Amino acid sequence: MDTLAQLWNRNVRYNGDRLATVVGERRTSFKTLFDRATKLGNALSRLGLRKHDRVAMLAMNRHEWFEVYGACHLSAFIVATVNFRLAPPEVAYILGDCSPRVLIFEEQYAPMIEALRAELPGIEHYVCIGAKPDWAHDYDVFLDSGASEPIAVIPRPDDYATLIYTSGTTGRPKGVLKTQLQNMVGYQRNVIVMAMQAHDRLLLQMPLFHVGATSLAFGAFCAGASVVLHRQFDPAQTLQTLQDERITMGHMAPTMLQSMMDLPQIDDYELSSLRIVNCAAAGMPVTLLRRAVKKFGRIFLNSYGATESSGSILYPHQHHLEGSEAELRRLGSVGEPFPDSELRIVDDNGKDLPAGVPGEVIMRTQGTMAGYWNNHAATLDAIRDGWYYSGDVGYFDDHGFLYLVDRKKDMIISGGENIYCREVEEALLEHGSLADVAVFGVADAHWGEAVKAVAIRKPGASVTAEELIDFCATRIARYKRPKSVDFAAELPRLPSGKVSKVVLRNLYKARTAAES
């Protein structure tokens, strides 16, 4: 299959009566899901939308996500996803950048959207899921207004399909644009590496505005398998669902896995149906991985990549708790290249480096993004001669397994979310009481990494750490704000004048070790 539309049409023909999704008490067949997606697509077309027009979605996990994706896949519209955890200025920037003609949102976000409407003149229609304000369509009424006949458009492989925003090193989000084919490459890859079959049942709790959950959901659909969707992650609810729904496949960030493993009642559940868990979004601590393998066996698949492109995978059979030194060390790797991916480690001049020597990880696959939306300069910087330059630093061992050691991009991964230091620094500096600030990631037992800030107050300023943290929550998403702020008289700097975050991290580690 070369297009997402072909996937939807195949499932309605061959798997129409099979269970597609389970969301709470709602159970939906592939035929019912296809029929509703078709009606929604036709309703959007009646508004005048045409190929490549954007339809934005702002919602937590819920059934309607699948209908919106389906309507756009079948109609060659572009789905522009919005992270519901973002602060209003961030949401305004993304909606202003992607310029959707239609915004579909949950009722809980109506007050925020109403306050932003004056800044978003390009949005012609608002569609609300739930109790609607006067200025929006009711989602169900709007969907039912669409015709049931087949959508007239036949999408092509090179038609653009998704626009998923990921923060950039400059602090401004960048929209990752992918075609129907580029998405299908990733979805079908998941069928292969997870050995998905029609009888499988996939549990998802990661948000559907992310590439990870979306690619696994539609990977399951490629196999005719069912997706069980949770609105958000809850460790006890996860265990109950794993047991009751006889889940065979899962997708978890390391923090989610740890929270589930830490529940005292975990041994009370019957979890033998679970055969594979895709762990992604952040590096898996080896101590946690060992503990999980001891509990569940070798069912974990560690994957590495980005919204822009795919990278590598450590298969379940490669998780060794006993064996040679190389096999044991491999638990700390992110595996080998995906079957359809190429990986290289290069220096600053693009020259390949030998095994054991760290350099930038670059990757190439047919599923690599088409480019960044409205950002040609960033696209040229990221994609060179067909290779995606990840900004991550790693090295290969003698057997070709990839180990990540650092990030060239100034980024923190906390709870599976990417947080860029400069974005947090700029938010802190907006307070006006700081002369300078440096933000970096520190180890955190629960979140993997936590946001740490070291700030220099302006003369006469008396701002506290708590005030700065609270202020940040008004400028950026709450999960991006610092967990702690220290004050200093000066910041360590490199000869170039830039702040040395290596020195800051080492100072923090030394101080933490001395206090423990």
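This is a predicted model: local features need pLDDT of at least 70, side-chain atom pairs count only at pLDDT 80 or more; totals for chains, interfaces and linings use all residues.
Let's start with a helix pair. Two packed helices are described by the angle between their axes and the distance between the axes. Here, helix H2 covers residues 30-46 and helix H3 covers residues 64-75. Their axes sit 8 Å apart, at an angle of about 65 degrees, and the crossing of H2 and H3 is right-handed.

Who meets whom? On the H2 side you'll find Leu33, Phe34, Arg36, Ala37, Thr38, Leu40, Gly41 and Leu44. Across from them, H3 brings in Phe66, Glu67, Val68, Gly70, Ala71, Leu74 and Ser75. Sorted by type, the residues of this contact come out as 9 nonpolar, 4 polar and 2 charged.

Next up is His251, found in strand S12, which spans residues 249-252.

Setting aside residues up to four places away in sequence, His251 touches Leu203, Leu204, Gln205, Met206, Gly212, Ala213, Leu216, Met256, Asn278 and Ala280.

## The nonpolar cores

In soluble globular proteins, nonpolar side chains tend to be buried together. In this model, the largest nonpolar core has 141 residues, and Phe105, Leu257 and Phe300 touch the most other members.

Take Phe105 as an example. Leaving out neighbours within four places in sequence, Phe105 has contacts that include Leu58, Ala110, Ile113, Tyr126, Trp135 and Ala136. There is also a second, separate core of 14 residues, with Val334, Leu343, Met363 and Tyr372 among them.

How values were computed: Residues are numbered from 1 along each chain as its sequence is written. Side-chain values use heavy atoms; hydrogens and water are left out. Axes are lines fitted to C-alpha atoms, for helices over the stretch in contact, and angles run from 0 to 180 degrees between N-to-C directions. Helices (H or I, at least four residues) and strands (E, at least two) are DSSP runs, numbered from the N terminus. A crossing is left-handed if the near helix is turned anticlockwise from the far one by less than a right angle, and right-handed if clockwise. Contact means heavy atoms within 4.5 Å. Ala, Val, Leu, Ile, Met, Phe, Trp, Tyr, Cys and Pro count as nonpolar, Asp, Glu, Lys and Arg as charged, and the others, Gly among them, as polar. A nonpolar core is a set of buried Ala, Val, Leu, Ile, Met, Phe, Trp, Tyr and Cys residues joined through side-chain atoms within 4.5 Å. Buried means under 20% relative accessible area, exposed over 50%, partly exposed in between (1.4 Å probe, protein chains only).
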